[in-house]
Amino acid sequence: MILVAAIGVLAAVLLIAGFEMFMVLGIPALAIKAGFFASLPDLILPQRMTAGINQTLLLAIPFFLLAAQLMGQGQIATRLTDVVRALVGHLRGGIGYTTIGGAMGFGSVSGSAPATVAALGKILYPELRRVGFRDRFALGLIVSSAETALLIPPSITLIVYGWITGTSIAALFAAGLGVGVILGLACAVLTMIEARRSGVSGDPRARLAEIGSTFRRAGWALGMPVLILGGIYSGLFTPTEAAVMSVVYAIFVEMVIYRSLDLKTLAKVAEQAIIQNAVIFLLLAIGTALSFFITLAQIPATLIGFLDEMQVGPVVFLMIVNVAFIIAGMFIDPNSIQLMLVPALYPVAMHLGLDPVHFGMIVAVNIALGMVTPPFGLDLFVASSTLQKPVTEIIAGVWPFLVVNLVVLLLITYVPGLSTLIPDLLL
Amino acid sequence: MQRLLSGVRLVERISVVALLLTMTVLFAFNVLIRQFGGPLAASFGWIDEVVRSLNIFLVFLASGLALESGKQVAVDTWRNRIARRSGLPLRRILDAAGIIFCLYMAWISGRMAAFVFGTGQVSATLGISTGWLYVAPCAGFGLLALRYVASFVGAIERFDRNGETGE
């Protein structure tokens with residue numbers, strides 16, 4: 001136990017000192033191996049790392065990242081947003097709902113919250129300000145509504161969770177859809193209150209012909225969610241196959257139909273996706289080795305024994321889980337959080353009889369919350385760079401949404417049916 | 001050093017973009033042939049393994065580029081404050097630790113590759129040695145170590161790309 005604590009302290013020191021996360025995971029992995037399993041050959045490390053990422057399921061990540069970059073740089077994101085605006089823009093504060101719907105729509109094709117902030121922020125922020133939303137609220141809304149992209153399928157967060165725990169990706173995606181909609185509705189309630197308070201107006205109601213024309217203009221863009229979600233749930237594609245088909249479709253639509261990308265831009269966009277992919281996979285590779293040693297050292301079993309001894313039930317355990325994830329989310333990136341906490345906590349959750357999909361939703365909502373939680377939520381910095389606004393202003397705008405997020409987190413945590421209803425219906 | 005880095009960077013960028021586009025074409029072809037190719041699909045069972053292997057090379061060959069461009073994730077908020085208060089040359093310590101860690105990982109990956117090549121173990125669908133898989137982390141950690149060395153000797157500035165101030 002003392003050795004485990006010492007390794008935990010080592011990881012914390014490395015983290016605080018500013019070591020790259022792959023070393024924050026890798027050096028403790030080496031320390032556990034040296035401390036507990038010195039007789040094992042060192043060669044087990046590259047073996048576990050390579051085997052861990054040599055999975056067809058994980059190929060969905062580079063493909064979805066590339067598709068997201070293509071759509072963000074091209075026209076698909078804008079045209080999906082136009083459709084939402086044509087439908088709800090006339091309501092009081094309609095552009096606020098457009099932001100939420102646009103984030104959910106782009107989330108349904110990109111799976112990445114930072115990509116959603118970057119793609120939609122520039123388009124919608126000036127519009128939110130124009131119709132009268134306060135600056136801080138507009139910033140908070142853009143950052144917070146992008147969280148839905150982490151939940152609405154395809155979600156890279158859910159793919160990583162499914163990979164760590166062996167949970168069905170289709171079931172996680174179905175649950176993520178429901179939970180993402182709940183989070184979107186919660187943001188919409190806050191937007192409605194703010195719109196009334198600030199006297200925000202709506203766009204003139206679009207005529208039926210205008211709505212029809214917007215739908216026609218966005219026809220190819222609307223094909224993307226149909227291809228991904230329809231493909232997966234009709235049984236036509238696995239999530240990885242849907243991911244690669246989304247790349248082919250995005251290249252075709254952006255380069256041939258919309259003519260918004262050329263070959264040079266394609267190479268540039270591919271390079272951006274490749275670098276994101278390398279960062280994620282290096283963590284996954286080293287995280288695999290770490291979780292192998294965590295399991296071998298029976299750390300989850302020790303944790304279960306300790307919680308049993310303390311007579312901790314599911315309610316208290318989930319509260320501990322939420323607090324641990326919220327604190328970690330303030331400082332650490334989403335994939336590292338999962339790699340550090342899920343291998344230790346998931347076996348305990350299963351021991352307590354929790355549903356793996358429900359636990360996945362709790363993890364995902366916590367991670368979404370971490371993306372916008374000060375001081376270091378990643379989306380805060382993406383929005384700051386995209387919108388050229390100081391992080392402090394964005395943080396000030398995010399607070400009301402954090403309260404809403406916490407309410408949603410508590411609902412998802414203690415009402416399992418909210419997570420399991422759609423998977424039960426669809427699968 | 002700069003010429004070496006420029007050359008390495010150019011090769012990495014061309015290789016990784018070519019790898020990702022090849023992966024896309026192959027995997028998409030595999031999906032289409034499975035949907036529409038009937039019995040022909042069975043002849044292309046090797047594509048899945050090739051694409052997985054290419055992804056491993058993609059990840060490791062791009063890791064150095066990611067570090068150099070300041071994209072490798074790190075919690076860098078307290079770094080400068082700790083360096084100022086403690087008087088430690090923290091950036092140099094981080095670079096030195098990076099060099100040692102990455103060289104060690106490259107070394108054991110190289111040993112693993114040599115070991116598997118020696119066993120004669122071959123992939124079921126491709127018929128080539130599975131030792132090639134471990135060449136990827138060996139090369140990748142080598143490229144990461146090169147960037148840490150370049151940062152250590154001041155040939156690249158990887159910290160300020162994160163918007164940090166000097167130590």
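## A salt bridge within chain B

A salt bridge is counted here when a side-chain nitrogen of Lys or Arg lies within 4 Å of a carboxyl oxygen of Asp or Glu. In this predicted model, the side chains of B:Arg147 and B:Glu68 form such a bridge, with an N to O distance of 2.6 Å. Because B:Arg147 belongs to helix α5 (residues 132–152) of chain B and B:Glu68 to helix α2 (residues 46–68) of chain B, the pair ties together parts that are 79 residues apart in sequence.

## The build of chain B

Chain B, which carries this pair, has 5 helices and 0 strands, and along its sequence the pattern reads α-α-α-α-α. Its C-alpha atoms fill a box of roughly 70 × 35 × 30 Å, taken along the principal axes. The radius of gyration of chain B is 20 Å, whereas a compact globule of 167 residues would have a value near 15 Å.

Of the 167 residues in chain B, 50% are buried. When contacts in chain B between residues at least 6 apart in sequence are considered, 74% of them join residues at least 24 apart.

## Salt bridges within chain A

In one of them, the side chains of A:Glu127 and A:Arg130 meet at 3.0 Å, N to O; both residues lie in helix α7 (residues 113–130) of chain A, 3 residues apart, which is about one turn of the helix. A:Arg130 counts as exposed because its relative accessibility is 52%, and the cut-off for that class is over 50%.

In the other, the side chains of A:Asp135 and A:Lys389 form a salt bridge with an N to O distance of 3.6 Å. This pair links distant parts of the chain, with A:Asp135 in helix α8 (residues 135–145) of chain A and A:Lys389 in the loop between α19 (378–387) and α20 (391–414) of chain A, 254 residues apart. A:Asp135 has a relative accessible area of 16%, so A:Asp135 is classed as buried, the limit for that class being under 20%.

## Where the two chains meet

The contact between the chains takes 50 residues from chain A and 56 residues from chain B. The area buried between chain A and chain B is about 4,900 Å², and carbon and sulfur atoms give 76% of that area. On the side of chain A, the residues that lose the most area to chain B are A:Glu20, A:Leu43 and A:Ile274, which together make up 12% of what that side buries.

Across this interface there are 3 salt bridges and 11 residue pairs in polar contact, counted where both residues are at pLDDT 80 or more. A salt bridge also joins B:Arg13 to A:Glu271, where the closest N and O atoms are 3.0 Å apart. Several helices of chain A each supply at least two residues to the side that touches chain B, namely α1 (2–17), α2 (21–36), α3 (44–53), α4 (60–73), α13 (239–257) and α14 (263–296). The largest share of that side, 12 residues, comes from α14(A). Sorted by class, the side of chain A that touches chain B has 36 nonpolar, 9 polar and 5 charged residues.

Conventions
Residues are numbered from 1 along each chain as its sequence is written. Chains are lettered from A and ligands numbered from 1 in the order in which they are written. Side-chain values use heavy atoms; hydrogens and water are left out. Contact means heavy atoms within 4.5 Å. Buried area is the accessible area (1.4 Å probe) that two parts lose on being put together, summed over both. A polar contact is a pair of N or O atoms within 3.5 Å; within protein, one must be able to donate a hydrogen and the other to accept it, and residues adjacent in sequence count only if both atoms are side-chain atoms. Helices (H or I, at least four residues) and strands (E, at least two) are DSSP runs, numbered from the N terminus. Ala, Val, Leu, Ile, Met, Phe, Trp, Tyr, Cys and Pro count as nonpolar, Asp, Glu, Lys and Arg as charged, and the others, Gly among them, as polar. Buried means under 20% relative accessible area, exposed over 50%, partly exposed in between (1.4 Å probe, protein chains only). The radius of gyration is taken over C-alpha atoms; the globule rule is 2.2 Å times the number of residues to the power 0.38.
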